[in-house]
Amino acid sequence: MSDFSGMEELLQDFLQESSELLDDVDSKLLMLERSPNNHGLLNDIFRGFHTIKGGAGFLNATELVTLCHLTENLFDRLRNDQLTLDASIMDAILSATSEVRHMFGALSQNTQPSSAPLSITQALEAILEGKNLAKASPLPAAPSAAPPGPDWNALFAALTASGTSPEPSSPMVHPAQDKPTVNVLPAPNIDPPLDAPQEIKSYGRRATDSLTSASPSGRREAENVKENTIRVDTERLDQVLNLSGEIGLTKNRLNQLRSDILLGKQDPNTLRALDEAVNQLDMLVVSLQNSVMKTRMQPIGRLFKKFPRLARDLARQLNKEVELVLVGEETEIDKTMIEDLNDPLVHLIRNAVDHGVELPTERTSSGKPAKSLIHLQARQIGDHINIVIADDGKGMDPEAIRAKAISKGLISPEVASSLDETQCLELIFLPGFSTKDQISSVSGRGVGMDVVKTNIKKLNGNVTIRSEVGKGSELTISLPLTLAILPVLMVRIGTQSFAVPLSLVREIIALEHNQIQHVGGKSTLVVRGEILPMVSLAQLLHWEESNQAHTGVLMQVDNQSFILSVDGFDGHDDVVIKSLDTFRPNGVAGVTMSSDGEIVLILDIKELFGLTGGIVSH
C-alpha cells in the first residue's frame, strides 16, 4: 500500500520541482569547487537544500528532512566563514546529494525513503564538529567479467491480421590547482559496469549508487524515474488554441459548402470556395502540427547539466583532472529524445574520461595542460541536431584498434586489411570490443560503445568519429529534431508503397535502361558526369522483380550517393511514425498509413544497406 495515500498529486509536484532544484544544486556545486569563496553560490545552494527540506517536511519524509538539515547546517557554516571548503568536504556534500537523489527514487515508488548510510551522516556530523577526518576505505572491488533479410510478405500479413493502425568553441585552459589528499568518502557515485544493453542505468536518476550498495543494511534495486510531465511556454499553447479555433471555423465553412453541393449548387463560385477552404484547412493543419511539435521541444541543457557532475566524479576516481565544457544548452529537441539520449551520452562521456584523456603527469610531459577539457556541444543543422563530444586527449590509433579487433576475433585479418582509417575507428562499436585488457569498475567489458550505436540507431540517428593521435577525439551524434513526424517520399514496387526519408533524397530521375552500364558486375548510371551505383529496392527487400523500374531516386547517405531504382513514386508527405515494438525487422524504421488506408513501411535506408562497408560494395 502507498505511504502517500491522498497525497499523490502533492508528491508528484514535489518530485518534479525538487529534482530540477537538485540538478541546479549539482551544477552550482561544481562551480563552487572552482570558486570556493563565492558567497552567492553558497547562499543559492543553502536555499536549495532548505527548499527541499521544507517540501519533504510536508510529506513527512523524516529521513530526507534529516539529511537535508545536516547538509543545510554545513552550508550555513560555509557561508558564515566558519568552515573552509576543501576536497574532502566537497566529497561529503556530493555524496549527500547522491543520497538525496536516491531518496527521490524511493518517493517516486510511493514509499518513504530509508535512512541515509551511516558513512554519509557521520561524515557530515564530523565536519560540523570540526573533527579530523580519516581517509576512507578503498572502493569496492570490481565484479568479475561477464561471459562474453526479413520475410516482407509475412510482415504485411502480420500487420494486417493484428489490425495495426499506424498512427566547438575554443577550450578555456584553467591552471592546475593543488588539492588536499584527505577524503571523507570514496569519490561519489560512479555507475557500475554494464553487462548487457538492457541493464543501462540512467546517471542521476538511479535509486542506488556505489556508496550505498556497500551498505550492510542492503539497498533497493536501481530505478529509472521517467518524467511524464512537460513544461510548456504559454505562448506556444496560445498558438495551438488559436489554430484550433481557426480549424473549427474552416470546418464549419466546409460543412456549409458540402450542404450546398449536395443540394445541387455546383456553380464555379461554389467550387472555387470549396477549393479555397480545403487549401486553408491544409495550411492550418500543417501549422497546428508544427505548433504541437514545438510544445514537445525542450532545451537540451536540461540533460546536459547533469554530466559535469558525472565527469567530475569519474575523474576523481581515476586521479585525472577534467573539466566538462557545455556549449549550445539552449538548443531544443523533442522531450522523448532527451530522455533516450541520457544513456548513450553517459557512455560517451565516461569513455572520454576513462579512455580519451591522460593522467596529469602524462599530459604535462607531452606539453599539454594538466587539466583536460571535454566539450559537450549541441547545435541545430537544418532539420537535424548534432551533438558533439570532443576531448583534447591522446586520440585513437586506427592501427591499434584494427589489431585489437583481430586479436579478440571480432573480424578476420582479411576483412581488417580492407578497412580504411575511418572504418577502423568504427570498429569500437562492435559488440565485445574494448581496448582494456582488464575489467575495472568503469570499463573493459566491451558493451559501452555497442550500446551507444544501438540506442542512437533506435532514434533514427547515426554516430561518426574523427580522431588524431596525440590531439584528441570527436564523436558526433546526428539526430532528427523529432521522432513523431517525418517527411517522406512515397515509392512503389508493383502496387505496394514504401516510404523513404525525404532528407536523404537529392532528386528523382527517369531511368533509361540503355543508359545503365555494368561495372564489375554492378549496375551504374552516369548523372551529370558522376558515376553512381544503382541498386534495386525490390532486390534489397527480396521482393519479386516487376521489370517496371522506370524511376530512380538519387539518394545521399552520409558521404555516399547512389540511385535507388523503383517502379514509381506517389509524391511526398509528412507522416506520423508508429514504431514496431514487438516485431521490427532490419531495415524498417517504423510504419504509417497512407491516405487510402494502406499500411506503409518506413524504410531505414542506412540499416537496409548495412552501412559500414558502403553502398558500392553491396
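This is a predicted model: local features need pLDDT of at least 70, side-chain atom pairs count only at pLDDT 80 or more; totals for chains, interfaces and linings use all residues.
1. Let's start with the nonpolar cores. The largest one holds 51 residues, and those with the most contacts inside it are Phe307, Leu341, Leu345, Leu376, Ile387, Ile477 and Leu479. Helix 11, residues 335-356, contributes the most to this core, giving nine residues. Another core, of 42 residues, lies apart from it and has Leu22, Phe46, Leu70 and Leu83 among its members.

2. Beyond its neighbours within four places in sequence, Leu479 is in contact with Ile333, Met337, Leu341, Asp383, His384, Ile385, Ile387, Ile456, Leu459 and Gly461.

3. Next, helix 4 (residues 87-108) with helix 5 (residues 118-128): their axes come within 10 Å and cross at roughly 140°. Angles over 145 degrees count as roughly antiparallel, so helix 4 and helix 5 are oblique to each other. The crossing is left-handed. Helix 4 brings Ile89, Ala92, Ser95, Ala96 and Glu99 to the contact, and helix 5 brings Ile120, Ala123, Leu124 and Ile127. By class, that makes seven nonpolar residues, one polar and one charged.

4. Helix 4 also meets helix 10 (residues 307-317), with axes that come within 13 Å and cross at roughly 125°. This pair is therefore oblique, and its crossing is left-handed. On the helix 4 side the contact uses Ala87, Met90, Asp91, Leu94, Ser95, Thr97 and Ser98, while helix 10 supplies Arg309, Arg312, Asp313 and Arg316. Here the residues divide into three nonpolar, three polar and five charged.

Key: Residues are numbered from 1 along each chain as its sequence is written. Side-chain values use heavy atoms; hydrogens and water are left out. A nonpolar core is a set of buried Ala, Val, Leu, Ile, Met, Phe, Trp, Tyr and Cys residues joined through side-chain atoms within 4.5 Å. Buried means under 20% relative accessible area, exposed over 50%, partly exposed in between (1.4 Å probe, protein chains only). Helices (H or I, at least four residues) and strands (E, at least two) are DSSP runs, numbered from the N terminus. Contact means heavy atoms within 4.5 Å. Axes are lines fitted to C-alpha atoms, for helices over the stretch in contact, and angles run from 0 to 180 degrees between N-to-C directions. Angles under 35 degrees count as roughly parallel, over 145 as roughly antiparallel, 65 to 115 as roughly perpendicular and the rest as oblique. A crossing is left-handed if the near helix is turned anticlockwise from the far one by less than a right angle, and right-handed if clockwise. Ala, Val, Leu, Ile, Met, Phe, Trp, Tyr, Cys and Pro count as nonpolar, Asp, Glu, Lys and Arg as charged, and the others, Gly among them, as polar.
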